[in-house]
Amino acid sequence: MKIYTRKGDGGTTSLLGGGRVPKHHLRIEAYGTVDELSSVIGLLATEAAAAEERGFLQQIQHHLFTIGASLAVEGEDSKAFRPDLEAQDIKVLEVSIDTFTAFLPELKHFVLPGSDRANALAHLCRTVCRRAERLVVGLQAQSGVDPLVVQYLNRLSDWFFVYGRVLTHRQGTEEVKWVPRAKQP
């Protein structure tokens, strides 16, 4: 099987239902950003110390793959193709956030990404996730998107924020606090 088809050379791409849309279509932006998020998560996983956490990140990638596939279907076909996502998957993220938060110091300042490499990668995942969420919400306003997809992306970005703090805490590195100009020394 050849990787290239030349069908996209004119600026359009195929959806899973067989239709074609411009490559700048909101649907393509949405599932393309979900794919980008999965790639950045793969990079973060190379920094994760614990095998359990690498497995958790890989499970997130699996969820994102089915989310992306569901976003690649338009119209009546989209009703038949639901992402492999359940309310329990969101609950798993919430439990993980709560577990991590329980041992972290209380957050009293805004923090900036970059206290260490792993923290910066977690924040990169968070910001790509937020962009994916914004695009999916825009797509949801135009056509049907499973509400669990928006909820999952919203909770996932929160998870990456907390996970970045966890990675910094484990390194014994101090978080980079944002200090307003008026309060800087």
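This is a predicted model: local features need pLDDT of at least 70, side-chain atom pairs count only at pLDDT 80 or more; totals for chains, interfaces and linings use all residues.
Some ground rules: residues are numbered from 1 along each chain as its sequence is written. Local features need pLDDT of at least 70, side-chain atom pairs count only at pLDDT 80 or more, totals for chains, interfaces and linings use all residues, and side-chain values use heavy atoms, with hydrogens and water left out.

**Overall layout**

The protein has 6 helices and 4 strands; helices (H or I, at least four residues) and strands (E, at least two) are DSSP runs, numbered from the N terminus. Going along the sequence, the pattern reads β-β-α-α-α-α-β-α-α-β. The C-alpha trace spans about 55 × 35 × 35 Å along its principal axes.

**How the helices pack**

Two packed helices are described by the angle between their axes and the distance between the axes. Axes here are lines fitted to C-alpha atoms, for helices over the stretch in contact, and angles run from 0 to 180 degrees between N-to-C directions.

| Helix pair | Axis angle | Axis distance |
|---|---|---|
| Helix 1 (residues 26–45) and helix 6 (residues 147–171) | roughly 20° | within 14 Å |
| Helix 2 and helix 4 (residues 87–103) | about 150° | 12 Å |
| Helix 4 and helix 6 | about 25° | 9 Å |

Helix 4 and helix 6 are therefore roughly parallel (angles under 35 degrees), and their crossing is left-handed, a label given if the near helix is turned anticlockwise from the far one by less than a right angle. On the helix 4 side, the contact (heavy atoms within 4.5 Å) includes Ile90, Leu93, Ile97 and Phe100, while helix 6 brings in residues including Leu156, Trp159, Val162 and Tyr163. By class, this contact has 13 nonpolar, 4 polar and 5 charged residues. For that sorting, Ala, Val, Leu, Ile, Met, Phe, Trp, Tyr, Cys and Pro count as nonpolar, Asp, Glu, Lys and Arg as charged, and the others, Gly among them, as polar.

Helix 1 and helix 6 also come out roughly parallel, with helix 1 passing helix 6 in a left-handed crossing. Here Leu37, Ile41 and Leu44 of helix 1 meet Leu156, Phe160, Tyr163 and Leu167 of helix 6. The contact is made of 7 nonpolar residues, with no polar and no charged ones.

Helix 2 and helix 4 are instead roughly antiparallel (angles over 145 degrees), and their crossing is left-handed. Glu53, Phe56, Ile60 and His63 of helix 2 touch Asp89, Val92, Leu93, Ser96 and Phe100 of helix 4. That contact splits into 5 nonpolar, 2 polar and 2 charged residues.

**The largest pocket**

The largest pocket has a volume of about 310 Å³. On a 1 Å grid over the protein atoms alone, a pocket is an open set of points where a 1.4 Å probe fits, with protein on both sides within 12 Å along at least five of seven lines; lining residues have an atom within 4 Å of a point. Grid points are joined across faces, edges and corners, and the volume is the space filled by probe spheres set on the points.

Among the lining residues are Ser14, Leu16, Tyr31, Asp35, Phe65 and Ala72. The elements giving two or more residues to this lining are helix 1 and helix 2 (51–71). Helix 1 gives the most, with 5 residues. Overall, the lining divides into 7 nonpolar, 4 polar and 1 charged.

Terms used: Angles under 35 degrees count as roughly parallel, over 145 as roughly antiparallel, 65 to 115 as roughly perpendicular and the rest as oblique.
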